[in-house]
Every structure is written in C-alpha cells, then in structure tokens.
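Thanks for coming. I will go through one structure today, starting with a loop residue and then moving to the metal site, the core and the charged pairs.

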Amino acid sequence: MSMQTELQNQWQQVLARDARQDGRFVFAVRTTGIYCRPSCPSRRPRRDSVEFFADPREAERAGYRACLRCKPTEVSAQALYVIRARQLLDNAEGVVTLAQLSKRVGLSPFHLQRLFKRATGLSPREYQSARRMQRVKTGLRKGEDVTTAMYDAGFSSPSRLYENATEQLGMTPGTYRRGGAGASITFAISPTPLGRMLVAATERGLCAVRFGESATELERDLREEFHAAELHRDDAEMGRYVGPLMASLRGENTIVQLPLDVRATAFQRKVWDTLQRIPRGQTRSYGEIARQIGDPNAVRAVARACASNPVALAVPCHRVVRSDGDLAGYRWGVERKKKLLEREQASS
Ligand SMILES: [Zn+2]
C-alpha cells in the first residue's frame, strides 16, 4: 500500500471512529497539541491539522499530550494480543495456522480467533489471504509477471492465486497487471455534502465512483489502479454522469441508471444487480440479498461483494446493512453511509 493510501485510510478510519484501529496508530491535532486513539468520540478536526503516529510514544516524542477522554495509552490487554498476532502474521514468510499463531501469542485458538475477528473483521486465515493478495497487487503494479508476483507473495500454486484473485481483485491477475491498458478513462472530481466525489468512465460506461477528502489523493489512487490506461480529467465532459449522481445525492432522482463498465465475477454481478433494485430510502440485510440471489448461505460472500463495489451510488451498496440494523461497513467510511441513508430516508 502506498504511503498516501495508508494515510488516506487512516484518516477515513478516524472519520469513521473505527474502534478496530485502536492500538494500531494514534492521530494528533496540531491546533490543540493532543493525540487520540482512532475511536475517540471527540469532534473531528480538519484534515490539514492532523498528524498520524504509530503509537503514543511517538506522538509524545513529537510534543503531543494524551487525550483525557479516550486515554490512548490504555490499550486493553485484548487489543495487545491482536496487535501481537498481526505483527506475527505481517512478518511471517509462509502461511501460519491458527494453532501456530495461538501458541506464539499465548492465547487459546478459540479466544484468539474470536478476538482477532472482532478487532479486524477477518479471521487470521482471511487476514493472511488479504495480505498476500495485497502483495500480489503491488508486484503486478511494479510490472512483475504473474508467476513472480505470485511466488513472492507466498502463493503455493497458480490455482490458489486464481481462486482468490477473481474474488478479491474483481479480475484475473493478468488483467490487473495490464492496469487498464488500452482503455481511455475520463474523470471528474466534484465537491459534495459527503466530501469529494471522483467519477470516472470509459467510452462504455462508469468504471469508478469514489468518495474521499482530498482531490489529490483520489486522483493519485485512480492513477495507481489504472496505471496503464490513458487518463484525463474533464469535468465538463463528465457532466452527463456527475449530473444524475449529484441529483441522486440531493434527493431529486430516485433511480440512478447509468451504463457501467466494471469487471466483475458472475457472483458480484448478481449481487450488484440486486442492489440496484433496492428502492431509495429502504435498506436490506446481507442475508436478504443472499436469499434474493437464491444462495441463502452466501451471506459473507454478499458482504464481500458489497465491500468491493467500485461504483458508489450507481450500485447502492450503502443500502445493505446487518440484520440487527447495525450499519456494518462501507468502503468509503461508515460515516458517509450513515449520512447517505439519512438523506435518502428524509427525502423519500
Ligand atoms: Zn481523544
């Protein structure tokens, strides 16, 4: 992950008050001289007055004081187990089993699995698989061939990689390596009530709708992902896409029907089609979507398909929540999901 992407993610996690990040980093506010854990309930500062540090010691070395409200130095013993487990997995050469991990962390497999999952949203096995895929992506973007990137990332065979790749990359590794080669992509960045919105399209249709805090970061991430495509910004030309999306944000347009040009597995396609039929102002649970596509046991796969949606609003993945009403996650921050749903419910 690039430094900028990492910073952008940390800022998103701060905006979302993501408690799963507590213990992973702290953020400090230049104007107040105070540092907090990511989940601190205090009002959010402006992005440009925030600095990130790996831990409280670093923040204090830079002259910041601990927040009295969220007490960032008191990370629980439970969080420490998870931090230790993540460090072990991050630095491991090959695959680490749950039994091996539990022995090294000093916690029973059952408890470790539960704590880890609660803190990261993933089991240790899923976490390792996501890390490996991240390494493959980095290798492919650097121009490595698929085989080299695969072995460098610790995949034992091409079939294991392809099994994981279509789901996690939304495309085959070869296509990802090509980075949109041959495609011509036009994009626009506009201010919205939810922050900056980047809208990108090929000649065939929308390929990305994303939210972020900074236009520079949004553009950089787009260029990184479509590193081999020909990209140019043209806010006027993109009006025909941006217009309907903005109208939908304002509550004037009930259904966004725009041509899409996104790569998807058959499963993702099925889930995204179903999401497009959820009426504005309503929500569905992951389980309901799974039943609707005729695969009632695929609740987690549905959640992953929602999380990998490349086109916010056009595929309204924000309308899917957990069955207990909890908003669950959102690729562009749970705060934005909350605001979107509030706006939709108020205007429908
Ligand atoms: Zn605080």
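Which residues does D18 touch, not counting residues up to four places away in sequence? The answer is Q13, P38 and S39, where touching, or contact, means heavy atoms within 4.5 Å.

Before going on, the conventions. This is a predicted model, in which local features need pLDDT of at least 70 and side-chain atom pairs count only at pLDDT 80 or more, while totals for chains, interfaces and linings use all residues. Residues are numbered from 1 along each chain as its sequence is written, and side-chain values use heavy atoms, with hydrogens and water left out.

Back to D18. D18 sits in the loop between α1 (3-15) and β1 (26-29). Helices (H or I, at least four residues) and strands (E, at least two) are DSSP runs, numbered from the N terminus. D18 has a relative accessible area of 13%, so it counts as buried. The cut-offs are under 20% relative accessible area for buried, over 50% for exposed, and partly exposed in between, with a 1.4 Å probe and protein chains only. Phi of R17 is positive, near 50°, in a residue other than glycine.

Next, the metal. The zinc ion is coordinated by the SG atoms of C36, C40, C67 and C70, at 2.2 to 2.4 Å. Donors here are N, O and S atoms within 2.8 Å of the metal (3.2 Å for Na, K and Ca); water is not among the atoms, so sites may look incomplete. The spacing of the donor residues in sequence is C-x3-C-x26-C-x2-C. C40 is in the loop between β2 (34-36) and β3 (50-53), and C67 is in the loop between β4 (65-66) and α3 (77-91), so this pair ties together parts that are 27 residues apart in sequence. Both C40 and C67 are buried.

Why is the zinc arrangement called tetrahedral? Because the four donor atoms subtend angles of 104 to 125° around the zinc ion; four donors count as tetrahedral if all angles lie between 85 and 135 degrees. For reference, the ideal angle for four tetrahedral donors is 109.5 degrees.

Now the nonpolar cores. A nonpolar core is a set of buried Ala, Val, Leu, Ile, Met, Phe, Trp, Tyr and Cys residues joined through side-chain atoms within 4.5 Å. The largest has 38 residues, and M197, V199, V271 and L275 touch the most other members. Elements giving two or more residues to this core include β6 (195-201), β7 (206-212), α11 (239-250) and α12 (266-275). The biggest contribution is from α11, with five residues. Apart from this core lies another, of 14 residues, among them L89, A92, L101 and Y127.

Leaving aside neighbours within four places in sequence, L275 is in contact with I289, C306, V315, P316, C317 and V320.

As for α11, this helix has twelve residues and reaches 16 Å from its first C-alpha to its last, close to the 16 Å expected at 1.5 Å a residue. The expected span is 1.5 Å times one less than the number of residues. Buried residues of α11 include Y241, V242, L245 and M246. The buried residues of this helix pack against β5 (184-192), β6, β7 and α15 (334-346). After α11 comes G251, with a positive phi near 90°.

In α15 we find K337, which is buried with a relative accessible area of 1%. Among the residues that K337 touches, not counting those up to four places away in sequence, are Y286, H318, V320 and Y330.

Last, the charges. There are ten salt bridges in the structure, each a side-chain nitrogen of Lys or Arg within 4 Å of a carboxyl oxygen of Asp or Glu. R300 and E126 form one of them, at 2.1 Å, N to O. This pair links distant parts of the chain, with R300 in helix α14 and E126 in helix α6 (residues 124-141), 174 residues apart. E126 is buried, at 19%, whereas R300 is partly exposed, at 48% relative accessibility. D48 pairs with R46, the closest N and O atoms being 2.6 Å apart, and both of these residues, D48 and R46, are exposed.

Technical notes:
Four donors count as tetrahedral if all angles lie between 85 and 135 degrees; four count as square planar and six as octahedral if opposite donors are over 155 degrees apart and all others between 65 and 115; anything else is irregular.
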